[in-house]
Every structure is written in C-alpha cells, then in structure tokens.
Amino acid sequence: MASGAVALGLAAGLLTALAPASAQAAGADLAAGPGADRGGWTTEIRRTEYGVPHIVARDFGGLGYGYGYAFAQDNLCQLADQVVSMRGERSRWFGLDQRSVGRPGNLESDTYQQSVLRSGTVQRLLAQPAPVGPTGEVRQLVDGYAAGYNRYLRETGVDHLPDPSCRGKGWVGPITADDLWNILYDVNTWTGTPRKSAATAVPGADAAAARDAAAPAATSARPDWAGPAADSPDTGSNAWAIGRDADRDGNGLLLANPHLQWAGPERFYQAQLTIPGVLDVAGAGLYGLPFLQIGHTKGLAWTHTTSNARHRLAYRLSLVPGDPTAYLVDGKVERMTAVTVPVTVRAADGTLSTVDRTVYRSRHGYVMAEGWTREYAFTIRDANADNLRSLDEWVAMGRSQNLDQLRQAQRTHQGVPWMYTTAVDAGGTTYFTDSSAVPQLPDAQRTRCLVPDPVVDGMLDGSTAACDPGSDPDALLPGLFGPANHPALTRTDYVANANNGPYLTNADAPMAGLPAVYNGGPELAPRPQLSLRMIADRRAGTDGLGAPGFTLATLQATMFGNRVQSAELDRDDAVALCRAHPVLAATDGTPVDVSAACDALAAWSTRADADSRGAVLWQAYRDALARIRTTSWQKVPYDPAQPLTTPRGIVAADADAQRAFADAVRRLAALGLPVDAPLGLVQRWAGIPLHGCSSETGCFNVLTAGPDSGAGGGTYPADPRSVPLGASFLMATELTDRGPRTRTLLTYGESADPTSPHFTDQTRRYADKQWVTERFTEAEIRSAPGLTVTTLKR
C-alpha cells in the first residue's frame with residue numbers, strides 16, 4: 001500500500017476522559033477481542049505517573065493512532081519542526097539563522113533533504129515487498145500515527161496549542177505518512193551520510209573553479225564527512241546485560257543508558273504499547289518514530305548502543321581530464337548524476353527568494369564538496385542508503401519473548417541501522433551483537449584498496465569495481481555482511497558495551513579476529529574501561545554496595561555511583577604534581593599559583609556528583625591534557641595485559657602536564673569560577689543542578705550541560721551549544737519468573753514544552769538519583785494514583 005494516504009477509514013469520533021474511579025475497566029473491551037465493543041474500533045491512552053502513556057488497541061493501525069495522538073499531546077511542536085526539516089523547508093520558514101539542534105545550517109539541511117525527496121529513494125523502498133519494504137502491519141502503524149497526530153491538531157487548533165514555541169505558526173499543519181517514513185530514513189542514515197558536506201556540493205557553471213578553490217581543505221583540515229561513526233564521543237550509550245551467573249537471584253538484568261542530546265529529534269519518548277494477545281512492550285522511542293527502540297516485554301529486555309563499525313565508506317574518484325563531473329572505473333567513463341534543487345529562503349524582512357543548489361552523486365553515493373579538484377573527487381557509500389527496514393525489526397523485537405525470537409527478528413529484517421544490540425531473556429541468558437548494516441569489506445580487500453590520504457583514514461580506491469563491497473549469501477541486500485558473519489556473543493554471566501568495539505564485550509571472552517570495518521581493536525577508551533571494572537567490582541562485592549552479585553537495587557545504585565575512570569587512576573598523581581610545584585607556568589609563560597586548586601583536587605571524592613567540588617577543575621585539566629599532541633605525560637602506556645587500567649598516571653616532572661594544570665586553573669578564573677566550584681553550579685537544566693560528566697574523562701554516567709541550558713525552552717534554545725548531552729532514557733529491568741520488575745527515568749521528562757508539568761518533573765528525580773517504578777501489568781496500571789484514561793473511537 002502506498003504510504004501517503006491514511007487508509008484506516010477514520011471518522012470523527014468520541015473523546016472521553018474517564019475519572020480514575022472508572023479506570024478499573026480500562027482496556028476491558030479491547031482485551032475481549034475483535035468486535036467486543038460493536039460500536040467501532042477503540043483505542044485507549046492511559047496515563048500513569050509523570051504522564052507516561054500506556055496505549056491499548058486491537059490492531060496496529062489503532063496502536064499507531066493512539067501513539068501519535070499521545071505524542072502530539074506532549075510534543076506536537078517538536079514533531080512539526082522535524083517535518084519542516086524533512087520537507088526541506090527550514091529556510092522558507094525560519095530563514096538562515098534559526099537552525100535545528102543536531103542539524104547543519106538551514107540551507108545545507110534543505111538542500112540535502114530536498115535531494116533525498118527528489119531521488120525517490122524512500123518511495124522506491126516503500127514500493128518493495130517485505131522484508132525489503134515494510135510489512136502491512138507496520139504500514140498501518142505509520143498511517144495510524146499520522147492520523148492520531150492530525151486528530152489532536154484538528155481538535156486543538158494551531159492557535160490554541162499549549163506550547164508557545166509553535167502556537168499560531170504557519171509552519172504547523174497536518175502531517176502525512178510520507179513525512180514519518182522520511183523521518184525513519186533520516187534516522188537510519190544519521191551516521192552514514194554527512195548532511196553538511198553532501199548538501200554543500202558546488203552549484204552551477206563555476207563548479208570547476210570552486211572545486212579547485214576548495215582543494216586546500218583536503219590537506220589542511222579534517223573534512224566533515226571524514227568524521228567518526230558518531231557525531232560526538234558522548235553520542236552513544238552504556239548497555240549491560242547481566243546473566244543468571246552474575247545476578248544474585250539467578251535472574252536476568254538489563255541496564256539501558258543511551259547518551260543523546262536533550263534537545264532536537266534525538267530525544268526519547270516513554271510509552272507502553274499493547275495489542276492484547278499480540279504485543280505488549282514498554283520502553284522508549286525516538287521522536288517521530290511510531291514505535292519503541294529500547295524496551296522490554298514479559299520475557300525479553302534489550303537496548304542499543306552506537307556501533308563503532310564503519311557504516312560509511314569513503315572513496316576517491318579519479319576524474320576524467322577536462323570533465324570534473326565524470327570519473328573512471330576500470331578505465332571506463334561513468335558520469336555523476338546532478339540534481340538541482342530550488343531552496344526557498346526567507347529574508348529578515350519576510351520576503352521569499354529562491355536559491356538553486358546542485359548536488360552530485362556517484363555510483364557510491366553523494367559526492368563531497370570539500371577536496372573536490374580537477375583530479376579527484378570524494379564520495380561516500382552509506383550501508384543504510386537502502387534501509388527502511390528498521391521499524392519492522394523493532395516491531396518484531398517488541399513481540400519477542402526470548403533470545404531465539406530476537407535473533408529471528410534480526411535475521412528476517414536486518415534493519416538495525418547503526419547500533420549494537422544488547423539483550424537478556426527471562427532465562428538469564430545474555431546476548432550482544434552488531435547486527436547493523438555494515439559494508440562487506442574483508443580485511444584483504446580493504447588493505448588492497450586503501451589509497452594514501454593525508455587526512456582521511458580508510459580512504460578507498462574508487463577507480464576500480466574490485467573495491468566495491470561484496471555480498472554475503474544470507475544478506476538481505478547486496479554489499480552487506482550477512483547475519484552469519486555478524487559479531488555476536490552469548491553468555492550467562494554478562495555482556496556489556498559502552499561504545500567500544502566488540503572485542504571486550506566480556507572481559508573474560510575477547511572477540512578476536514573481526515574484520516577491521518567492525519573496529520574490533522582491543523584498546524578501550526576510559527568509559528568502557530570503567531564499565532567493565534564496575535561490573536567486576538559488583539560481582540566481587542568490592543564496590544561498597546554490599547554482598548557480591550547484582551540485584552535490581554544494586555544495578556540502580558551502580559548506575560548513579562558517578563565514578564570517573566581518569567580520576568581514579570590519575571588524580572593522586574595530579575595532586576603530587578601540584579604539591580611539588582605550587583606555582584606553574586601556563587602555556588603563554590604566565591606564572592600561576594595553583595596551591596588552592598591543588599587543595600581542592602586533593603579533597604575531591606573523585607565522583608561526579610552535583611555537589612562534588614573538584615570535578616569541574618578535573619574536567620578542565622583533562623581538557624587541557626587532551627590538547628597536548630604527545631603522551632609523554634602518561635606514566636604507564638597502554639598494556640594489552642592490563643586493558644582496563646592502562647594507560648594511566650601523570651608524570652609530575654613533565655612540562656606539558658604542568659602547563660596543562662596551570663591552563664586549567666586560568667580557564668576557571670576566566671569563567672569566574674572558583675577552583676572548588678561544585679559541579680551543579682556549571683551543569684544545569686532549567687535551573688536544576690545535574691550530576692554526571694563527560695565520556696572523555698571516563699565518566700560512566702555521561703552528562704554534560706551548560707549553566708543555563710533549558711532556561712529558554714526544552715528543545716530549540718538560541719544557542720545549540722547549551723544543549724545537554726548524555727543520559728536520556730534510563731531503564732533497569734529484572735526479568736523474574738513472576739514477570740518484569742523495571743525502574744525507569746526519562747531525564748528530561750515526557751514533554752519538551754516548558755509550560756507542561758512533565759517538562760522537568762523527571763529531571764528533578766534524576767537530580768535526586770530517584771528512579772520511577774514502571775507500571776507494566778493491568779493491575780499496576782489500574783492502581784496508579786491520578787490515572788487518566790482517554791478513549792478514542794474511530
């Protein structure tokens with residue numbers, strides 16, 4: 001079925017708000033099965049504490065209808081803004097200055113998005129039969145979600161929306177299923193196609209001269225498209241699956257801790273989605289996606305972390321002399337395709353004009369503007385360029401009750417785009433895999449095809465088809481590794497990931513021999529080192545949390561212990577350095593008295609709690625050390641025999657280490673901060689002090705924020721740099737023989753509307769390290785204080 005029209009036979013219906021006393025019957029007619037209410041199909045939205053919606057319907061269309069309606073109640077403005085982005089209309093409505101958080105400038109964003117629309121890629125994939133195209137159930141889910149959103153908008157009216165950020169705005173209107181499919185495609189290609197570089201491909205007839213002018217960028221700076229798989233080292237997650245051998249009661253436990261921005265489309269929305277007898281899943285999903293990406297059923301819990309695999313490959317094209325839009329492959333000429341898109345731009349006075357932008361594509365994908373000369377051009381091949389399968393896989397995961405069913409979902413749909421999957425079932429067996437879309441590029445082929453590049457590691461030769469990715473026989477689409485070759489580990493003690501490669505998923509069972517495109521190297525960054533140390537300490541009972549072994553309570557306490565790897569390994573050496581040298585020279589030679597800073601650092605607990613005095617100074621010192629190009633200041637280099645505690649130490653006599661300390665002290669002074677400033681003074685959301693720190697320092701509980709973040713609204717602040725990044729949706733689940741026991745925390749609440757009671761209600765709980773007890777069963781939901789029920793009849 002084509003995706004544009006809503007084909008659910010929707011009619012104007014009845015909206016009923018039931019008092020809590022009436023909630024005893026909530027879902028009763030739905031649970032009775034099809035035809036039970038004889039007056040038409042019914043969807044119910046039951047909201048428990050903190051506004052969490054529990055949506056019950058009899059089919060996938062009705063489920064999407066309720067989910068879309070509930071989401072619009074809380075976050076209509078945010079989805080409306082996403083839709084403007086997907087339609088390539090940001091410049092039309094907002095001009096060139098009001099950019100969206102997490103996206104490039106409006107002109108670049110619009111150029112890229114309109115090129116995607118004009119390519120017809122999403123429509124082509126929608127026309128494919130499942131599993132390459134969506135299943136009928138998922139099409140109904142998407143259609144229903146759009147219809148539910150539109151119903152809320154129609155009933156409320158643009159001029160009466162509660163959120164002032166879009167109330168009465170001309171850019172707010174009904175959405176279509178196509179808009180949602182485009183959002184899904186955009187999410188799938190987040191780490192594959194670089195929007196800015198692709199979207200600024202050189203326009204018009206002066207292309208050759210402009211490309212030559214851009215040539216120095218190829219040798220003097222690292223271009224946008226050459227970046228890592230993730231946009232930021234903190235854009236990722238922690239994931240633990242604790243098996244029956246490490247759980248004190250022999251159960252299975254899961255900790256989900258995704259690290260994403262607190263504003264823009266990367267926010268999560270918490271919900272429970274139920275079709276009696278078919279589906280019952282609770283967790284959280286990204287804004288604009290009509291299903292959950294992280295969650296649990298009665299018998300299975302799973303989460304995702306950002307994969308380190310190379311989901312995109314960079315190719316150097318050898319251009320035809322005198323023809324900069326043609327290139328050679330095995331001696332034969334191939335031409336780039338050019339798409340010129342007109343972008344409407346609003347000026348400061350409100351007048352509209354049109355700017356024509358041209359985007360070029362090669363056989364691999366988008367051609368990058370940076371580094372394009374008369375001799376070479378560079379192009380990106382995204383392994384997810386044909387991926388619209390992820391939603392089907394997440395739905396199949398949400399129906400799974402054990403690991404066998406989860407694996408079957410992955411084999412069937414092969415749709416997880418750029419994420420690891422960590423899971424545990426009620427039997428206490430844990431599972432880790434990188435089932436994401438990864439180019440089938442064995443090491444021998446990769447080595448043969450590498451071409452030297454002064455800036456980009458892993459540049460491949462685009463002048464021969466022998467360097468194109470191959471295909472595994474069990475891969476759903478050509479060019480990808482198939483399920484039989486996906487890295488995977490099944491254990492009964494634990495598996496864990498903190499955005500490290502798969503190699504040390506379990507410290508006792510290294511996954512060696514993986515292809516280089518999976519980034520399976522042994523050396524760990526500080527956060528994944530600490531992650532594995534924390535598991536070992538809990539199993540040994542040496543972390544101060546009582547007897548050895550995990551329980552749900554100790555899992556929660558471990559999460560909010562706020563340990564900092566670099567401080568545990570290096571703080572004492574830093575104190576020894578400043579004790580020996582109370583006056584240090586900064587980088588510019590200025591003498592700096594560091595004695596007060598030394599006292600503050602010595603008194604610090606080495607934890608990143610909001611009231612910790614010393615954490616701010618330590619962050620400044622680690623930032624200064626990171627700017628040093630050498631590692632001569634490190635006392636002990638990396639040792640494969642000590643993968644969790646090396647490199648470590650600071651050489652007190654090292655001049656670079658001394659200058660970095662002086663620079664850090666001066667940095668705090670320049671900001672008007674005392675050297676013993678509490679962390680919560682500089683890290684806030686809407687005035688609420690926040691605990692947590694950066695991944696680079698080795699903080700497990702990643703959270704970084706500015707002192708005024710969230711003060712001007714939840715999602716689109718004037719300064720995108722003030723957007724917090726890190727812990728977003730937290731879920732600790734224990735799967736017992738009596739059903740799941742789950743504690744959750746949506747750090748920024750269910751709504752990005754600053755006028756909503758659910759804008760900061762859970763932020764305050766996060767600040768106090770208090771979790772929310774999830775309501776999963778009918779009895780738990782019915783007993784919720786203040787329960788409200790909205791019935792949507794169609």
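Student: How many residues does helix α19 have, and how far does it reach from its first C-alpha to its last?
Tutor: Helix α19 (residues 655–670) has 16 residues and reaches 22 Å, close to the 22 Å expected at 1.5 Å a residue. The expected span is 1.5 Å times one less than the number of residues. Helices here are DSSP runs (H or I, at least four residues), and strands are E runs of at least two, numbered from the N terminus. This is a predicted model: local features need pLDDT of at least 70, side-chain atom pairs count only at pLDDT 80 or more, and totals for chains, interfaces and linings use all residues. Residues are numbered from 1 along each chain as its sequence is written, and side-chain values use heavy atoms, leaving out hydrogens and water.

Student: Which residues in α19 are buried?
Tutor: Among them are Ala657, Phe661, Val665 and Leu668. Buried means under 20% relative accessible area (1.4 Å probe, protein chains only).

Student: What covers them?
Tutor: The cover includes α16 (565–580), α17 (595–603), α18 (615–626) and β24 (648–650).

Student: Switching to α6. Why call it largely enclosed?
Tutor: Because 15 of its 21 residues are buried. Gly157 follows α6, with a positive phi near 85°.

Student: And α11 with α12: at what angle do they cross?
Tutor: Roughly 165°, with the axes within 9 Å. Axes are lines fitted to C-alpha atoms over the stretch in contact, with angles from 0 to 180 degrees between N-to-C directions. The two are therefore roughly antiparallel, a term for angles over 145 degrees.

Student: Which residues meet there?
Tutor: Asp392, Glu393, Ala396 and Met397 in α11 meet Leu406, Ala409, Gln410 and His413 in α12. Contact means heavy atoms within 4.5 Å.

Key:
Parallel < 35°, antiparallel > 145°, perpendicular 65-115°, else oblique. Buried < 20%, exposed > 50% of the residue type's maximum accessible area, 1.4 Å probe, protein only.
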